[in-house]
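Dear colleague,

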Amino acid sequence: GRTFDADPESQRRITGAVQLAVIAPAGWSLDWTLADNTTVTLTAAEVIAVGVALGQQVSAAHAAARAIRAQIEASQTPDAVDSITWPTTG
């Protein structure tokens, strides 16, 4: 139920936080600012879960982009290209 920023800089920060969480001592936590500018305290396990969720989101976006590219390359007319839409997420 939390929304994290996922722009390239945020992705680098999340990756760094995950690396830190992996080597952190027991009881470690981190304060994180969410997309709505609220702050939450995350345990190491929660930080790692954010990293997993980010990886899944990036992977899904990459798969969608590959599918779009295949549609574009298979298109025979400008109208066919114009009819291609990026999938929406819920």
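Glu73 is exposed, with a relative accessible area of 60% (exposed means over 50%, buried under 20% and partly exposed in between, with a 1.4 Å probe and protein chains only). Arg69, at 56%, is likewise exposed. The two side chains form a salt bridge with an N to O distance of 3.8 Å, the term denoting a side-chain nitrogen of Lys or Arg within 4 Å of a carboxyl oxygen of Asp or Glu. Four residues separate them in helix 2, about one helical turn; helices (H or I, at least four residues) and strands (E, at least two) are DSSP runs, numbered from the N terminus.

This is a predicted model, in which local features need pLDDT of at least 70 and side-chain atom pairs count only at pLDDT 80 or more, while totals for chains, interfaces and linings use all residues. Residues are numbered from 1 along each chain as its sequence is written, and side-chain values use heavy atoms, with hydrogens and water left out.

The structure holds three salt bridges. Glu9 is partly exposed at 33% relative accessibility, whereas Arg12 is exposed at 53%.

The buried residues of helix 1 are Ser10, Ile14, Ala17, Val18 and Ala21. The face turned away from this buried side carries the exposed residues Pro8, Arg12, Gln19, Val22 and Ile23.

Yours sincerely
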